Amino acid sequence: MASLRSSSVIWSVAYSSSCCSRRGTTRATINMPKLRTGGLSLRLPARDLVPEVLDMGPGLSAATTSHVDKKYESSTNRNSHSLGSNVSDPMVIAKLLAIMQAVADRVEMHQNIREQRDNWNSLLLTSINTITLTAATMAGIAATSVGGPLLALKTSSTLMYLAATGMLVVMNQIQPSQLVEEQRNAARLFKQLHGRIQTTLSSGNPTSSDDEDAMKKVLALDKAYPLPLIGVMLEKFPETVEPAVWWPQHRQRQEKPMKRRDGNGWSVELEEEMREVVGVLKRKDTEDYLRLGKIALKVNKILSISGPLLTGIAACGTAFMGSSHGSWAPMVGVVAGAMASVVNTMEHGGQVGMVFEMYRSNAGFFRLMEETIESNLNERDVERRENGELFEMKVALHLGRSLSGLKNLAAASSYASSEKGEAIEEFASKLF
């Protein structure tokens, strides 16, 4: 009896709750047209209404479910369309990753080649100086000998001088210290490019133009700093000294008759400041490093000719050693050999070729800054330029100046050119 009573109570409670649920659900369903005009999210009806609608019967369930499905599908289509417009093309990312991997390989290759050619410089310098000094010593000993020892010593000394002459000609032609500086610069610039590609991938939305720009920069660096020696090696003794160029040439923008307007961090004052900075870079920094490069090139040419010439003269002196030629032959052999060793040490131990390449690279750095500033100034649409405040900070950092120091430099240059009609003596860069 008790079990029957309890079961009837449970049945009545379940029946009443089911009725209440139906009535509550019916009211919610009837009120749905009023809620459609509000800003309610479709996610809540799609998840909460469907389980309740399934309890209402076949007709109402089908109608309401189809209504919710249509709303959910339209919402999904809108969301997928908005996400698709913000997600980068996977092929663009794949291309950038491939370029970044190639850049990383080039960094390692240039570093390995730099170490190899640095070893060339030190080993060749040590070997040639050892051969030259040994030949000079043998020539001195031969001067005090007669007969068989004299012939053996002067022949050995002559052959060693000739070997040193040939090695010096090859070494002076390739300039190992200059090759080392080239590979050092290439490794540093490829590391910079690798970092920029990483930044593009991690913080931005890369586009196909980023792929093309990165590819052009890689090819420009390959052309500026080639790895092989035969065929494509840079001219070590050029007729004219030009700045190193390791970037793709900026495309010349067509001047558009647009009214200049401020915006994107740019102003008339900032444009005038950048023009003055470009003028100082051209008149002082770039010109001075090209002048120093010409001096280093002249010194290197003189030393490159003097070394083999002295060893050749020493070889001739030792070849004519004997009783019939007096004391001038051994003196020429010994003195010319000693002088050749000194000249060789000054040229390759002092790394004059590396100094020339350093001056050429510094001039190229300032030329790149000039072209970058002029490229931004020639773009009349300020919205297509780099942000003016950020660009000014980058220029100041590259020149080793503060923002106020950069403004003072531009003001001093403007005053000197307008009031005095002459250029200022101060250099734009304080780094080197």
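Helices are DSSP runs of H or I with at least four residues, strands are runs of E with at least two, and both are numbered from the N terminus. The model is predicted, so local features need pLDDT of at least 70 and side-chain atom pairs count only at pLDDT 80 or more, while totals for chains, interfaces and linings use all residues. Residues are numbered from 1 along each chain as its sequence is written, and side-chain values use heavy atoms, with hydrogens and water left out.

**Exercise 1. Overall make-up**

Task: Determine how many helices and strands the protein has, and what percentage of its residues is buried.

Solution. Step one is the count of elements, which gives 13 helices and zero strands; the pattern along the sequence is accordingly written α-α-α-α-α-α-α-α-α-α-α-α-α. Step two is burial (buried: under 20% relative accessible area; exposed: over 50%; partly exposed: in between; 1.4 Å probe, protein chains only). Buried residues account for 37% of the 432 residues. Step three is the surface, where the protein exposes about 24,800 Å², with carbon and sulfur atoms supplying 61% of that area (Shrake-Rupley method, 1.4 Å probe). Step four turns to contacts (heavy atoms within 4.5 Å): of those between residues at least 6 apart in sequence, 83% join residues at least 24 apart.

**Exercise 2. Aromatic rings and charges over them**

Task: Work out how the rings of Tyr 289 and Phe 366 are arranged, and which residues the ring pairs link into a cluster.

Solution. The rule comes first: rings of Phe, Tyr and Trp (its six-membered ring) pair if their centres lie within 6.5 Å, and planes under 30 degrees apart count as stacked, over 60 as edge-to-face and the rest as tilted. For Tyr 289 and Phe 366 the centres are 5.8 Å apart and the planes stand at 35 degrees, so the pair is tilted. Since Tyr 289 belongs to helix α9 (residues 268–319) and Phe 366 to helix α11 (residues 352–378), the pair ties together parts that are 77 residues apart in sequence. Both partners are buried, Tyr 289 with a relative accessible area of 11% and Phe 366 with 0%. Phe 366 also pairs with Phe 365, edge-to-face, at 5.4 Å centre to centre and 65 degrees between the planes. Ring pairs join Tyr 289, Tyr 359, Phe 365 and Phe 366 into a cluster.

The last step looks for charges over rings (NZ of Lys or CZ of Arg within 6 Å of the ring centre and within 35 degrees of the ring normal). Lys 284 lies over the face of Phe 427, at 4.8 Å from the ring centre, and Arg 385 lies over the face of Trp 266, also at 4.8 Å from the ring centre.

**Exercise 3. The nonpolar cores**

Solution. A nonpolar core is a set of buried Ala, Val, Leu, Ile, Met, Phe, Trp, Tyr and Cys residues joined through side-chain atoms within 4.5 Å. The largest has 49 residues, of which Ile 197, Tyr 225, Trp 246, Met 274, Ile 373, Val 395 and Leu 399 touch the most other members. Taking Ile 197 as an example, and leaving aside neighbours within four places in sequence, its contacts are Leu 96, Ile 99, Met 100, Val 103 and Ala 214. Apart from this core lies another, of seven residues, among them Ala 142, Leu 150, Met 321 and Ala 329.
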